[in-house]
There are 2 protein chains.
Amino acid sequence: MHKEHTLTKNQQIIFDLIDKSSEPMKAYSILFNVQKKGIKAPLQVYRALDKLVEIGKIHKIESRNAFIACHNSSCQVAKATAFSICEICEKVTEISSAGLSKYLANFKDKDGMKYSKYNLEFFGLCKKCR
Amino acid sequence: MHKEHTLTKNQQIIFDLIDKSSEPMKAYSILFNVQKKGIKAPLQVYRALDKLVEIGKIHKIESRNAFIACHNSSCQVAKATAFSICEICEKVTEISSAGLSKYLANFKDKDGMKYSKYNLEFFGLCKKCR
DNA sequence: TACATAGTGTTATATTATAACATTTTAAAT
DNA sequence: ATTTAAAATGTTATAATATAACACTATGTA
Ligand SMILES: [Zn+2]
Ligand SMILES: [Zn+2]
Ligand SMILES: [Zn+2]
Ligand SMILES: [Zn+2]
């Protein structure tokens, strides 16, 4: 469950844009889209993105340098994320699987070490592209 | 098991450097280190990196934009990778766990879709940093 | 030899992200 | 209400990461 945060103006503008988007958005594409709302510089975008990631409202797709809104209420605030990525159309979907998150949260490496924070990206072809 | 490839001169120089390194290396750090061997431009580095990733000799740590040599002989040529990353000292270790790779290779999403290719990055504190 | 494929060298440029600093807003705490 | 600390903003400049385009060379193979 997401802790409720009151977003600031810039954060809200940028979150709304990402949330409405059907696909992950890149920082400079976000910048282009919010310039008419007065956000003019990359740093303004990156600062809002950093905060939104920190509080779990969005996630960064590391292999794509892009950002997607979280629609997974069981997401532990940006700490444990999993996505499927279509290698043809680049559609990205957040995976919400209790089994998967439980398996990964309980996974121990050779030294018996557990990791509560992880990011998993699966690659394949989506339904349409198969 | 890695298919054997004969590396070209640039590929070999860059692989040797990454392989000797105790930590993931970034592209421009690689460039700096191989300039005395005649590799002068970013593109020469990126082309070698692309190929080395493709054939599974190295992996890219996506969250760090850095490259590490593969020391996991069961790695299916760059397709299925898992790492632990220390958030303090940035030590990165490739995870070699039959159980984990089996679980992930067999994971099915809501649509019953399987993904043979994935990248997983665990974050936490290494032994030293705890 | 002819041909296709992969690799190289080079210059220029695109894309992604942060440093530094001054100022303003916000939300407590007194 | 005033003080104060933390967070956010605005701005300019720059750093770091990655690719486009083009001419050329090496390699394998039919
Ligand atoms: Zn989420
Ligand atoms: Zn697709
Ligand atoms: Zn490997
Ligand atoms: Zn460490």
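How many residues of domain 1 of chain A are in contact with domain 2 of chain A?

## Model and conventions

This is a predicted model, in which local features need pLDDT of at least 70, side-chain atom pairs count only at pLDDT 80 or more, and totals for chains, interfaces and linings use all residues. Residues are numbered from 1 along each chain as written, chains are lettered from A and ligands numbered from 1 in the order written, and side-chain values use heavy atoms, without hydrogens and water.

## Domains of chain A

Domain 1 of chain A spans 9–69 and domain 2 spans 76–124; the bounds come from an automatic or database domain assignment. Between them, 12 residues of domain 1 are in contact with 11 residues of domain 2 (heavy atoms within 4.5 Å). Their C-alpha centres lie 22 Å apart.

The two domains bury about 910 Å², 59% of it on carbon and sulfur atoms (accessible area, 1.4 Å probe, lost on being put together and summed over both parts). On the domain 1 side, A:His59, A:Ile61 and A:Arg64 lose the most area, together 50% of what that side buries. A:Arg64 also forms a salt bridge with A:Glu90 (2.6 Å, N to O); the term requires a side-chain nitrogen of Lys or Arg within 4 Å of a carboxyl oxygen of Asp or Glu.
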